[in-house]
Each structure stands twice: as C-alpha cells, then as structure tokens.
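Please read them with the model open.

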Amino acid sequence: MLIEKLRHQLAGHRAHRFGPSGESAEQLQLALEASEVAVAAIMDRLRLPEDDGAAEPDRPRRRPIPDHIPRMTVEIAPGGDACAGCGGRLRRLGEDVTEELEYVPGRFIVNRIVRPRLTCSGCDRFVQAPLPSRPIERGRPGPGLLAHVLVSKYADHLPLYRQSQIIEREGIDLDRSTLADWVGRSTNLLEPLADAIGRHVLAAQALFADDTPVQMLVPGTGRTDTARLWAYVRDERPWAGPAPPAAWYRFSPDRRSEHPQRHLAGYRGWMHADAYAGFGELYRSGAIREVACLAHVRRKFVDVHRSQGSAIAEETIARIARLYAVETAARGLPPEERVCLRQAEARPVLDDLEAWLAAQLPSLSGKSPLAGAIRHALVRLPRLRPYLDHGVLEIDNNPAERAMRGVALGRKNYLFVGSQAGGRAAAIAYTLIETAKLNGVDPQAWLANTLARIPDHKITRIDELLPWNHR
C-alpha cells in the first residue's frame with residue numbers, strides 16, 4: 001500500500017516538472033527505492049512466489065535486451081553423443097536459448113546460453129542439459145551485473161533510480177523497481193557470508209564498536225524514525241596479528257542497549273568504543289572489558305580551540321600528539337614490544353596529562369565548554385589505560401569510525417531505508433563490501449565471483465567464499 005501511494009505521488013510530480021518539485025520528486029524516488037528493496041528482501045526471505053504483475057498493471061514488464069549489446073554464446077550440451085539408456089545416436093531437434101544480461105568492468109554484454117534439445121534415434125528418449133543455477137531468476141541478471149548494482153549503491157553511494165538512468169543511456173531498460181528487487185534478493189542470498197564474517201569478528205581478542213543514525217520510513221505514516229547501523233570491526237594489522245580484518249554491520253530500529261547486547265551475546269574480550277551509556281550493561285557483566293577512545297577525548301579540545309583559541313586546549317592537543325607519536329613507532333610491532341614501548345614512553349605522558357588537566361579545572365567556569373571537555377577527559381582517560389598493558393589494544397576507536405564513513409556518505413544520497421528488512425539488507429551489503437575493501441580485494445570482482453558460485457555452494461563450506469580467500 002505504501003509503495004502504491006508513493007508511486008502515485010511520484011507520477012503527480014512528474015506531471016508538473018517546475019518549481020521546487022524536482023527535489024521532492026527525488027525524495028519520492030528514494031522513498032520508493034527504499035521500500036522496494038525492503039519488500040524484495042521480505043519476499044525472498046519468506047520464499048514467496050514472484051508476482052506475475054496481474055495485481056500491478058503499472059509494474060514494468062521485462063523487455064528484450066537490445067540487439068546492439070554484444071552477445072557471448074555458450075552452448076551447454078549433455079555429456080556424450082550416445083543415449084545413456086540404449087546407446088543410440090542422439091540427433092538434434094532444436095535448442096532453447098536463454099539470454100542473461102551481464103556486466104563486466106566498463107561495459108554490458110549478453111550471455112547467450114544455448115541448450116540443444118536432443119532425441120535418441122533408437123528409443124526416442126529426450127535429452128537436454130539443465131540450465132545452470134543463477135543467483136536470481138527474475139530479469140535474468142548475471143552475477144557481474146548484480147555485483148555492479150550492489151557496489152554502485154553501497155560503495156559508490158549511487159541511488160538505484162540514478163543507476164537506472166545511467167543504464168538507460170546504454171539503451172537498456174532496467175527500471176528502478178527491478179534493481180531494488182535484485183538488491184533485496186541478492187543480499188538475502190549473501191546473508192550466510194555476512195553471518196560468517198560476524199563469527200570471525202566475534203572471535204577476536206579485541207574489537208572496535210560504533211553506531212550511526214539512519215532514517216527509516218514508517219509504513220502508512222509518511223514520516224521517518226531514527227534507526228541505527230552498528231559496526232563491529234576486527235583489525236589486528238597494527239600488531240601484526242594473523243587474522244584478516246573484517247567489519248560486521250547490524251541494523252536496529254532504535255538505539256536501545258538491548259541491541260548491542262544481542263549482537264555481542266557470547267563475545268568475550270576487549271571493546272574499543274565511545275562513551276555510549278548503552279554499553280554499560282556489557283561492561284558490568286564482566287565478559288566485555290572497556291577501552292576508551294583518545295580520539296573522542298581529543299575532538300572536544302579541538303572544538304574548543306577552534307571556537308575560543310584556548311591555550312589550555314592547545315596544550316592538551318600537543319600532549320595528546322605525543323601519545324600518538326608513540327603509537328606511530330609501535331605500529332606493526334608484536335604485542336610484547338608494543339607494551340614495552342608504551343610503558344617507557346606513553347605512560348609518563350598519560351600520567352602527566354591526567355594530573356595537569358585535573359589541576360586546570362578549578363580555575364575554569366564549571367559551565368564553560370573547556371571545563372566540560374576536561375571533565376569528559378578525566379572520566380575517559382582512566383578507561384583508556386588498559387592499552388598501556390596490552391599490546392593487542394589501540395589508543396582509539398578509529399577503525400570503527402572509518403567503517404562508518406561509507407554509511408555516512410551513502411546516507412546523504414539515499415536518505416533512508418524502507419523498513420527493518422531494508423536496513424538488514426543494507427547491513428549485509430556494507431558487511432561484504434567494507435570487509436572486501438579492508439582486505440585489499442576489489443568488491444566488484446569478488447561479489448561477481450561469489451554470486452556465481454554461491455547458489456550451488458555447500459553452506460558448511462561457506463568460509464571458502466570469504467573475501468580474504470578470493471583469488
């Protein structure tokens with residue numbers, strides 16, 4: 001019902017293309033896109049039959065792929081020239097041709113799959129090779145095309161309606177709703193890989209956690225609520241750890257503390273995070289130990305210095321810079337050597353910083369931004385101290401913050417998700433794409449390969465498809 005209402009509103013805007021309607025029409029396009037991705041994800045998850053279009057007369061129909069798109073013909077014939085039943089000679093009656101639109105970097109092609117129909121001259125047995133498994137039947141997209149749509153949306157931040165317009169310049173008619181359907185179904189198909197990445201992240205000695213707001217459409221109301229995307233990152237590269245880096249994203253309809261508690265159920269180890277109060281229950285259980293973030297502490301003093309030119313803020317920033325200089329020297333060293341270096345060079349600086357900040361506070365107005373920054377620092381710095389004694393820990397939460405940059409850029413372009421199902425689809429896509437990037441793997445090439453293999457791949461061997469195993 002919501003999708004039909006949005007389509008009706010969009011049609012009205014298209015009929016009056018003047019004034020401020022362009023921006024409103026764009027927002028309606030984005031709202032439709034978000035809702036259609038969510039619906040496709042739900043339908044695929046529930047294994048509902050695909051709509052034949054009878055109930056939606058305005059739904060776009062599949063059109064033939066234009067003749068100017070290059071064709072690559074592949075013939076799939078049964079093994080052998082003799083009948084498996086009687087040994088008689090097989091003769092060709094005809095053929096079935098399936099065209100699959102595919103994307104290889106820089107251009108579209110059509111995979112023309114030819115399957116001869118054969119019959120036995122001795123026993124009239126009919127023989128034909130089966131059609132190979134494909135990620136998605138609807139629209140017959142190739143795995144490279146599905147990967148291109150996902151990467152364009154979630155890595156290059158290109159909304160689906162704009163992708164549709166770009167593809168149309170190639171003479172190919174792919175409606176936004178078709179692309180949204182592919183996104184929803186592709187992310188469902190790839191969900192076991194995202195789950196495997198999540199298990200890998202939760203096996204870490206230490207992880208990094210952060211969250212960011214995203215707007216979620218509320219069905220039937222015409223308004224949005226503030227939902228959240230959470231990122232949990234494993235990155236052992238600073239201490240030359242053996243495990244591949246990975247980022248695991250989760251979606252929730254709000255920021256209640258029950259969500260990270262559910263995400264991290266069963267995790268035992270350290271967690272770098274900001275001062276979000278909702279993490280408190282995790283720390284109180286004793287299973288997860290807190291590591292504060294020096295970058296958050298520094299940021300408050302930077303804001304004060306920019307606005308007021310405070311000498312105290314400037315001195316604090318300089319002292320923090322000395323702590324980061326030690327980390328530069330420690331990067332890439334094994335944990336034991338990092339601890340020795342930090343104890344010798346960072347601990348005295350951190351001790352002096354805490355004492356110096358405490359001495360400045362009485363001379364300041366309690367309501368001033370600088371006093372607030374100092375109070376925040378004096379609460380957080382003691383919770384940063386574990387990094388001095390454990391070489392597998394970091395001085396800040398920057399890996400998680402970097403993992404959120406792509407979400408922030410995408411949020412500016414697609415504005416919102418259509419529902420909780422759409423939010424889960426986005427979390428799956430970000431998990432796959434950002435983890436591939438962390439491992440220096442081209443997400444387009446890896447996803448194309450994975451989407452081609454995963455329909456017939458055993459779920460018990462899903463780890464073979466993870467990005468760090470891509471060759």
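1. Tyr-103 and Phe-108 are both buried in this predicted model. Their rings form an edge-to-face aromatic pair, with 5.2 Å from centre to centre and 70 degrees between the planes. The count of aromatic pairs comes to eight.

2. Tyr-249 and Tyr-430 form another aromatic pair, this one tilted, at 5.7 Å centre to centre and 40 degrees between the planes. The two residues are 181 apart and the pair links distant parts of the chain: Tyr-249 belongs to strand β7 (residues 246-252), while Tyr-430 belongs to helix α15 (residues 420-438). Both Tyr-249 and Tyr-430 are buried.

3. A cluster linked by ring pairs takes in Trp-230, Tyr-276, Phe-279 and Tyr-283. Tyr-276 also has Arg-255 over its face, at 4.1 Å from the ring centre.

4. Which ring does Arg-289 lie over? Arg-289 is placed over the face of Trp-270, at 4.2 Å from the ring centre.

5. On the helices, the axes of α3 (residues 143-154) and α5 (residues 176-202) come within 10 Å and cross at roughly 100 degrees. Angles of 65 to 115 degrees count as roughly perpendicular, so α3 is roughly perpendicular to α5.

6. What does α3 bring to its contact with α5? The α3 residues are Leu-145, Leu-146, Val-149, Leu-150 and Tyr-154, and they meet Leu-179, Trp-182, Val-183, Ser-186, Thr-187 and Leu-190 of α5. By type, the residues of this contact are nine nonpolar and two polar, with no charged ones.

Terms used. Residues numbered from 1 in each chain as written. Predicted model: local features only at pLDDT ≥ 70, side-chain atom pairs only at ≥ 80, totals over all residues. Heavy atoms only, no water. Phe/Tyr/Trp six-rings, centres within 6.5 Å; stacked < 30°, edge-to-face > 60°. Buried < 20%, exposed > 50% of the residue type's maximum accessible area, 1.4 Å probe, protein only. Helix = DSSP H or I, 4+ residues; strand = E, 2+ residues; numbered from the N terminus. Lys NZ or Arg CZ within 6 Å of the ring centre and 35° of its normal. Axes fitted to C-alpha atoms, helices over the stretch in contact; angles between N-to-C directions. Parallel < 35°, antiparallel > 145°, perpendicular 65-115°, else oblique. Contact = heavy atoms within 4.5 Å. Nonpolar A, V, L, I, M, F, W, Y, C, P; charged D, E, K, R; others polar.
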